[in-house]
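Dear colleague,

Here is the structure that I promised to pass on. Please look through it first, and then read the notes that follow.

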Amino acid sequence: MKLAASDIKFDVEAVRKDFPILSRQVNGQPLVYLDNAATSQTPRQVIDAIVDYYSRYNANIHRGVHSLSQEATDAYEEARLTVQKHFNASQKEEIIFTAGTTHGINLVAHGFTSLLKEGDEVIVSAMEHHSNIVPWQMLCERTGATMKVIPMNKDGVLEMDQYDALLSEKTRLVFVNHVSNALGTVNPIEEIIQKAHAVGAAVLLDGAQAAPHIKADVQALNVDFYVVSAHKMCGPTGVGVLYGKRAWLEKLPPYQGGGEMIETVSFEKTTYAGLPHKFEAGTPNIAGGIAFAAALDYMNGIGFEVIEAYEEELLRYATDQLLQIEGLKIYGQSRKKTAVISFNIGDLHPYDIGTIVDKMGIAVRTGHHCAQPIMDFYGIPGTVRASFSFYNTKEEVDVFVAAVKRAKQMLS
Ligand code: 7TS
């Protein structure tokens, strides 16, 4: 159930105490961290999980008879169950640990090489991160399949009637982000999935920017693939998850060969391990997987309904405050948005604004945000992007807005 900010009890100051980095200073000022879409900060509970692993039971998994190896294996497989439960996958075999979203998408794109042929079509949206464009372009080059693009309007909302027009019996795959990293738009994924399935196409959702804010239920969505990165949801870098429906994961060939992903190896023939190990060649990021589960436990401890309601209020407040600055234009005006605000002020360069606010301790991202087609669409080189998390406060928004005003003054 969706909650309003007035319905929730959320002690942001208590939560902030869990994040050691939030009490540091940058350039002599208290850090105001508004670059959460690039990577989120890490609570002590997650840092502790990493320290605990390396301090007490660091060992390679799935291969030792010794006790440490067993402990590490148990913790890693327990982490897989935590991820399974979080995304409501029906089986643990459908949860593949990866190095992150980029890795997950490449794994699936590689897997489709033998399943596509010339004349087949795949559909992407106009508002994707490069990670959800380039691996598929490479797939198209390998197979001769053609890529079609769902356009968006000026508000940063997909033109769904155009999607209807692109879908046909030639469509084999649709890949869109659940939430846009540069605009914050929450895409109509239920409709996208339903319509793709109606023509027999599979759907991959890039959940990198949704997962930190919205809890996806992969069974309710009936999505074929869902990919996320742990580092955007209070977890460590270098780990992520690919959810895939079992039938698809059985059908796709392994991505990488090596240890862990085999059943038997001889020079004549190798047979592959079953799921999920078939896709997990080599020693994985063991501490990372365990810490990812700790991050999910942490966020679920707060509750995603609470996080959504709090961030929605923060987004509304920040949007209202920023729009009072004359000449400020926000890119991405969808009614359904996560707490991301991309903007420019007149023809001031976003990089200059970012550099000035950094001097005041404020971290934002500037540039094209690895989504150049979006910038081309608006005819701009980039934007300033402030992206919020549940540990940000209205007071931080005030500091940020004052800094942007100051930057505008200095640059005008
Ligand atoms: N997909 C989306 C929608 C993303 O926002 C990102 C990272 C990725 C994929 C790639 O994730 P990775 O963990 O594999 O690198 N986005 C951003 C960003 O917006 N600013 O820095 C990284």
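Are F19 and Y391 buried or exposed? Both F19 and Y391 are buried, where buried means under 20% relative accessible area, exposed means over 50%, and partly exposed is what lies in between, with a 1.4 Å probe and protein chains only.

Two notes on how to read everything below. This is a predicted model, in which local features need pLDDT of at least 70 and side-chain atom pairs count only at pLDDT 80 or more, while totals for chains, interfaces and linings use all residues. Residues are numbered from 1 along each chain as its sequence is written, and side-chain values use heavy atoms, with hydrogens and water left out.

Aromatic rings

The structure holds 17 aromatic pairs, counted when rings of Phe, Tyr and Trp (for Trp, its six-membered ring) have their centres within 6.5 Å, with planes under 30 degrees apart called stacked, over 60 edge-to-face and the rest tilted.

The charged end of K154 is placed over the ring of F377, 5.0 Å from its centre, and K394 lies over the face of Y317, at 5.2 Å from the ring centre.

Cysteines

How many disulfides does a search of the whole structure find? The search finds zero, taking a disulfide as a pair of cysteine sulfur atoms within 2.5 Å. As for individual cysteines, C234 is buried, with a relative accessible area of 2%, whereas C370 is partly exposed, at 22%.

Backbone features

The peptide bond from L275 to P276 is cis, with omega near 0 degrees, and P276 belongs to the loop between β12 (270-272) and α10 (286-302). Two residues other than glycine have a positive phi: N27, near 50 degrees, and E260, near 80 degrees. N27 is found in the loop between β1 and β2 (29-30) and is partly exposed, with a relative accessible area of 45%. E260, in the loop between α9 and β11 (262-265), counts as buried because its relative accessibility is 18%.

Helix packing

Axes are lines fitted to C-alpha atoms, for helices over the stretch in contact, and angles run from 0 to 180 degrees between N-to-C directions. Helix α12 (residues 350-359) and α14 pack at an angle of about 120 degrees, with their axes 9 Å apart. That makes α12 oblique to α14, given that angles under 35 degrees count as roughly parallel, over 145 as roughly antiparallel, 65 to 115 as roughly perpendicular and the rest as oblique. α12 passes α14 in a right-handed crossing (right-handed if the near helix is turned clockwise from the far one by less than a right angle, left-handed if anticlockwise). The axes of α4 and helix α5 (residues 134-143) come within 9 Å and cross at roughly 15 degrees, which means that α4 is roughly parallel to α5. The crossing of α4 and α5 is right-handed.

Two further buried residues

R80, in helix α3 (residues 67-87), counts as buried at 0% relative accessibility; its C-alpha atom is separated by 33 Å from that of E313, 233 residues apart along the chain. N36, in the loop between β3 (32-33) and α2 (44-56), counts as buried at 6%.

Technical notes
A charge sits over a ring if NZ of Lys or CZ of Arg is within 6 Å of the ring centre and within 35 degrees of the ring normal. Helices (H or I, at least four residues) and strands (E, at least two) are DSSP runs, numbered from the N terminus.
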